[in-house]
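Here are some friendly notes to read alongside the model. Take the points in order, and keep the 3D view open as you go.

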Amino acid sequence: MAHADDDWASTNRAAGTIDVGSRWVFDPTTGTSSPALSGTATSSTAVDPNQYMADTHCRSDGPDTKDPGCDALECPATTPGGDEGTPVIWKEAPKAITNPGWTDWIPVSGPTCLYDAQPENVLANIAARILNDFRQLPINPGNLEAQPFPHTLKGGPTNFYATAGEQGFDVTILGQTVHLTATPASYTYTYGDGTALGPTPGAGYSIPQTEWLTNDTRTSHIYTETGNYQAALTTSFTGTYSVNNGPPLPINGTLDLTTPAKTIQVWKTERALVADTCQENPNSWGCPGAESAR
């Protein structure tokens with residue numbers, strides 16, 4: 001069965017992280033893995049061929065050889081009076097091997113510190129609560145932008161787009177340093193007139209003013225009646241988390257955040273022949289001093 005090669009493993013061990021690419025990431029909550037988020041789309045029926053472990057003996061080059069990085073690695077307590085951490089090396093082996101031997105396990109990350117009386121269980125303990133912690137993060141939902149705004153015209157395409165971006169957070173969970181990443185995955189646009197778009201992966205984009213009301217983008221909307229409408233955007237965030245610089249693991253669930261409603265004023269246009277300019281007669285039809293028709 002194919003593995004990551006030694007060069008890949010040694011490179012990522014030195015970096016303290018794993019380049020997931022189109023590889024698989026392990027979810028200790030279910031005991032299964034899934035394709036990495038940044039990888040090539042893979043069938044949902046595919047199965048990760050690997051199993052994972054944290055080697056508390058820090059062995060990387062042989063069954064009796066301790067990684068020198070572990071001797072140099074300090075794992076001081078993270079809280080007053082707390083326990084020191086344990087250096088570990090993260091490894092993987094094929095699931096096809098029921099009881100992997102030493103030569104079957106390949107180092108993929110570390111050495112790094114784990115702070116737990118039973119370090120081998122720390123991932124499962126964190127995984128049991130990670131979705132709740134993810135949903136408590138102060139994630140910025142971004143803004144719903146409209147062009148033109150605040151006034152637009154009946155019958156013309158109004159361009160909407162989202163500004164939410166990927167966000168990272170460093171927190172402490174069960175004494176471990178955990179890095180969480182929140183990534184916008186889909187968007188639902190609610191236009192306020194009873195219609196909506198989404199969920200869609202399209203965040204939309206800003207267009208030049210010369211294209212307002214003429215360029216019908218994928219996230220544009222055409223209002224068919226005049227009036228004031230409350231438009232809003234709901235962004236669905238997916239997440240990953242990494243424990244003590246370990247492999248990035250997917251969070252099994254999403255966080256949906258909705259922006260405050262934005263008032264879109266839809267006007268209609270009328271044409272008329274006038275004798276004076278607005279400078280000559282501010283109260284002339286269509287001038288600021290006259291009552292505007294909507």
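1. **Terms and ground rules.** Helices (H or I, at least four residues) and strands (E, at least two) are DSSP runs, numbered from the N terminus. This is a predicted model, in which local features need pLDDT of at least 70 and side-chain atom pairs count only at pLDDT 80 or more, while totals for chains, interfaces and linings use all residues. Residues are numbered from 1 along each chain as its sequence is written, and side-chain values use heavy atoms, with hydrogens and water left out.

2. **A place to begin: Glu-270.** Glu-270 sits in the segment after β18 (262-267). Is Glu-270 buried or exposed, or partly exposed? Buried means under 20% relative accessible area, exposed over 50%, and partly exposed in between (1.4 Å probe, protein chains only). Glu-270 counts as partly exposed because its relative accessibility is 40%.

3. **The whole chain.** The protein chain has 4 helices and 18 strands. Of its 294 residues, 38% are buried. Contact means heavy atoms within 4.5 Å. Among the contacts with a separation of 6 or more, 66% are between residues 24 or more positions apart. The protein chain exposes about 16,000 Å², and carbon and sulfur atoms supply 49% of that area (Shrake-Rupley method with a 1.4 Å probe; for residues, only the protein chains shown count as cover).

4. **The largest nonpolar core.** A nonpolar core is a set of buried Ala, Val, Leu, Ile, Met, Phe, Trp, Tyr and Cys residues joined through side-chain atoms within 4.5 Å. The largest one here has 25 residues, and the members touching the most others are Ile-126, Ile-130, Phe-134, Ile-139, Val-178, Leu-180 and Tyr-241. Elements giving two or more residues to this core include α3 (122-127), α4 (130-135), β12 (176-190) and β15 (227-243). The largest share, 4 residues, comes from α3. A second, separate core of 13 residues includes Tyr-187, Tyr-223, Ala-231 and Ile-264. As background, nonpolar side chains tend to be buried together in soluble globular proteins.

5. Which residues does Ile-139 contact, leaving aside its neighbours within four places in sequence? They are Phe-134, Gln-167, Phe-169, Ala-182, Phe-237, Leu-255 and Leu-257. Thr-235 lies in strand β15 and counts as buried because its relative accessibility is 0%. Beyond the neighbours within four places in sequence, the contacts of Thr-235 include Pro-141, Pro-184, Tyr-187 and Leu-257.

6. Two strands pair if DSSP finds at least two bridges between them. An open sheet of 3 strands runs in the order β3-β6-β7, with antiparallel pairing. β3 (50-55) and β7 are at the edges with a single partner strand each, so one side of each has no neighbour in the sheet. In this sheet, neighbouring strands are turned by 20° against each other on average, direction ignored (axes are lines fitted to C-alpha atoms, for helices over the stretch in contact, and angles run from 0 to 180 degrees between N-to-C directions). β6 and β7 are joined by 6 bridges, and Pro-87 has Cys-113 in β7 as its bridge partner.

7. **Another open sheet.** Here 3 strands follow the order β8-β10-β14, again with antiparallel pairing. Between β8 and β10 there are 4 bridges, and Gln-147 stands opposite Asn-159 in β10. Between β10 (residues 157-162) and β14 there are 2 bridges. Because 6 of the 6 residues of β10 are buried, this strand is largely enclosed by the rest of the structure. Pro-157, Asn-159 and Tyr-161 point one way from β10, while Thr-158, Phe-160 and Ala-162 point the other way.

8. **Rings.** Rings of Phe, Tyr and Trp (its six-membered ring) pair if their centres lie within 6.5 Å; planes under 30 degrees apart count as stacked, over 60 as edge-to-face and the rest as tilted. There are 3 aromatic pairs by this rule. Tyr-189 and Tyr-191 are stacked, at 6.5 Å centre to centre with 10° between the planes, and both are buried. Tyr-223 and Tyr-229 are also stacked, at 4.9 Å and 25°. Ring pairs link Phe-160, Tyr-189 and Tyr-191 into a cluster.
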